[in-house]
Amino acid sequence: MISLLMPGGRAALALHVVFSLLNTMYLPYAVVYFVDRVYLMCRVNLACTNLTFADYLTDEIIVMLVSSLLQIPILMYVLLVLDIKKSGGRASDVFKHFLPNSNNMTVEEVENNDVGEHEDDDVRMERQKVSDILSNRSADPPVVIVQNLRKEYQKVTRVCSGSTDGSCCCMKGDSDHDVHNKVAVHNLSLAVDAGEVFGLLGHNGAGKTTTMKIMIAEEAATKGRVQIAGHNITSNTAEAFQLMGYCPQHDAQWKNITVREHLECYAAIRGVPPSDIDRVVDLYLAGLQIQEHAGKQSQHCSGGTRRKLSFAMAMVGSPSVVLMDEPSTGMDPRSKRFLWDTILASFQGSRGAILTTHSMEEADALCSRVGIMVKGELRCVGSTQHLKNLYGAGYTLEMKLRGGDRTPTTPSSDSHSDLKEFVAGLFPDATLEESFADRLMFSVPQHAVTSLAKCFLQLETAKTELNVEEYSFSQTTLEQVFLKFAHYDEVNGD
Ligand SMILES: Nc1ncnc2c1ncn2[C@@H]1O[C@H](COP(=O)(O)OP(=O)(O)OP(=O)(O)O)[C@@H](O)[C@H]1O
């Protein structure tokens with residue numbers, strides 16, 4: 001085909017230039033053709049013994065060399081634009097990759113005044129802390145800094161002109177498209193220090209995964225910036241990636257590669273010395289109880305095994321920052337314990353992590369600080385104990401009366417009233433939440449408890465004097481704090 005297109009002369013050369021510039025696939029075939037042509041011509045002229053490199057530099061081959069050099073930046077630009085567009089960015093963001101000082105953007109450039117109306121004092125202080133760290137250019141920055149992060153997704157809904165209730169009439173020509181922005185993350189600022197596991201909590205759709213996707217540059221932020229160990233994720237992507245491990249919500253693995261090969265590959269990429277790779281890989285395989293699946297291709301593994309593999313891939317080689325999106329989902333209790341132990345042992349010293357989870361027990365056990373997101377907004381932040389103190393209802397006192405010869409459905413009103421009187425004396429502001437046959441549950445406000453030791457002493461006395469079989473006196477759980485915010489979300493639903 002090339003020989004047919006190339007009859008010789010200026011017109012042929014012009015055609016060749018056009019093809020070389022516009023069609024990438026034309027280049028390799030044309031190279032073979034024209035190099036071969038030089039050789040054939042020299043054989044015809046019986047001059048092959050004197051053939052030099054310069055003889056191959058015909059007009060056509062020079063055109064191809066120049067075209068290849070021109071195509072590299074053009075195709076790279078197209079590839080970057082497509083990549084950025086896919087993750088919701090603007091085509092102009094491409095140039096950020098090449099700007100020399102884009103890491104040193106002024107704070108004003110990421111200013112975002114859309115501060116949530118429900119922001120509490122801790123969230124405000126966290127925002128201020130981030131701003132101070134960035135403006136003071138601290139020599140030892142937190143491992144993760146997120147400043148004024150905002151993400152909008154474009155949502156296209158089909159509506160019908162003339163339809164008042166939003167229902168679509170579906171008549172040809174009647175439909176129209178309504179494009180509006182869905183804000184998945186509102187002006188989020190947080191800093192994760194070295195040695196910290198930060199728990200990002202929130203109900204489904206709160207914006208946790210979107211935040212993580214921006215941190216790993218899978219999605220482009222609409223506003224704001226993210227720094228990983230001092231490297232801006234947009235302009236210093238390669239440096240930031242070298243320090244990061246990511247356990248995505250949906251397992252991202254090669255279908256035809258075995259479990260062991262995945263781990264070996266990640267260990268090698270993260271710089272584990274070749275002599276240590278087997279030992280490190282075996283450690284994760286044994287800890288997560290997946291030795292028997294080590295030789296299986298990931299496509300043949302169960303969901304739980306793939307989840308364990310994702311966690312191990314994020315952790316192997318000890319990256320400085322690990323982002324974990326619901327890592328323990330689908331794991332059996334023993335593997336979950338290994339995961340917890342590994343997380344607790346790993347993130348001390350100079351390393352840090354962000355963890356999203358729907359298990360409050362997990363957040364309580366692993367996270368030094370947590371933040372609860374509601375509809376893309378960070379609503380509260382602090383240690384679990386701090387949040388319990390601030391948002392918890394205080395304590396819950398549950399008492400079970402000794403049954404004696406009564407059936408569970410025949411309560412003794414005397415015993416009940418004695419017990420109520422005792423609780424009212426001990427905690428004047430306590431309220432009775434639930435009352436069953438032999439069980440009473442009181443809510444005790446935080447301020448009513450001055451000394452836990454004194455409370456337990458009096459409860460022990462009541463146990464013998466007031467016929468109490470057993471009691472529990474516990475502080476509000478993180479789950480109750482979380483539900484309080486989830487309830488807010490329901491009340492203020494879309
Ligand atoms: N590609 C997208 N296009 C449009 N909207 C999106 C896209 N990805 C996420 N969203 C929306 O952004 C909001 C936040 O989603 P996100 O996945 O971050 O929530 P999440 O807190 O991680 O939830 P889950 O706990 O279920 O993983 C949701 O309302 C979701 O519908």
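Modeller: In the hairpin of E9 and E10, 2 residues lie between the strands, and Lys375 takes a positive phi near 50 degrees. Helices (H or I, at least four residues) and strands (E, at least two) are DSSP runs, numbered from the N terminus. This is a predicted model, in which local features need pLDDT of at least 70 and side-chain atom pairs count only at pLDDT 80 or more, while totals for chains, interfaces and linings use all residues. Residues are numbered from 1 along each chain as its sequence is written.

Strand E9 (residues 369-374) runs antiparallel to E10, and 5 bridges join the two; strands count as paired if DSSP finds at least two bridges between them. One of the facing pairs is Met373 with Leu378 in E10. Strand E10 (residues 377-382) is largely enclosed by the rest of the structure, because 6 of its 6 residues are buried. A residue is called buried if 20 or more other C-beta atoms, placed from the backbone, lie within 10 Å of its own, exposed if 12 or fewer do, and partly exposed in between.

Asn148, in strand E1 (residues 144-160), has phi near 45 degrees, a positive value in a residue other than glycine. Asn148 counts as buried because it has 23 C-beta neighbours inside 10 Å. Ala217, in the loop between H7 and strand E4 (223-228), has a positive phi near 65 degrees, and it too is a residue other than glycine. Ala217 is buried, since 20 other C-beta atoms lie within 10 Å.

H7 also brings us to the ligand. Tyr153, Lys182, Ala184, Gly202, Asn204, Gly205, Ala206, Gly207, Lys208, Thr209, Thr210 and Gln249 surround the ligand, a residue being near it if its C-beta atom, placed from the backbone, lies within 6 Å. Strand E2 (175-192) and helix H7 (208-215) are the elements that give two or more residues to this shell, and H7 has the largest share with 3 residues. By type, the shell divides into 3 nonpolar, 7 polar and 2 charged residues; here Ala, Val, Leu, Ile, Met, Phe, Trp, Tyr, Cys and Pro count as nonpolar, Asp, Glu, Lys and Arg as charged, and the others, Gly among them, as polar.

Leaving out residues up to four places away in sequence, Leu323 touches Met212, Met215, Ile216, Met244, Tyr246 and Ile354; contact means that the C-beta atoms, placed from the backbone, lie within 7 Å.

Two residues are worth a look for contrast. Gln299, in the loop between helix H10 (274-287) and helix H11 (303-315), is exposed, as 11 other C-beta atoms lie within 10 Å. Beyond its neighbours within four places in sequence, Gln299 is in contact with Lys255 and Asn256. Pro73, in helix H5 (residues 59-86), is exposed, with 9 other C-beta atoms within 10 Å.

Finally, the whole chain. An automatic or database assignment supplies the domain bounds: domain 1 (2-86), domain 2 (121-152 + 184-389) and domain 3 (393-475). The C-alpha centres of domain 2 and domain 3 are 43 Å apart. The chain has 17 helices and 14 strands, and buried residues make up 31% of its 494 residues.

Conventions
Two residues are in contact if their C-beta atoms, placed from the backbone, lie within 7 Å.
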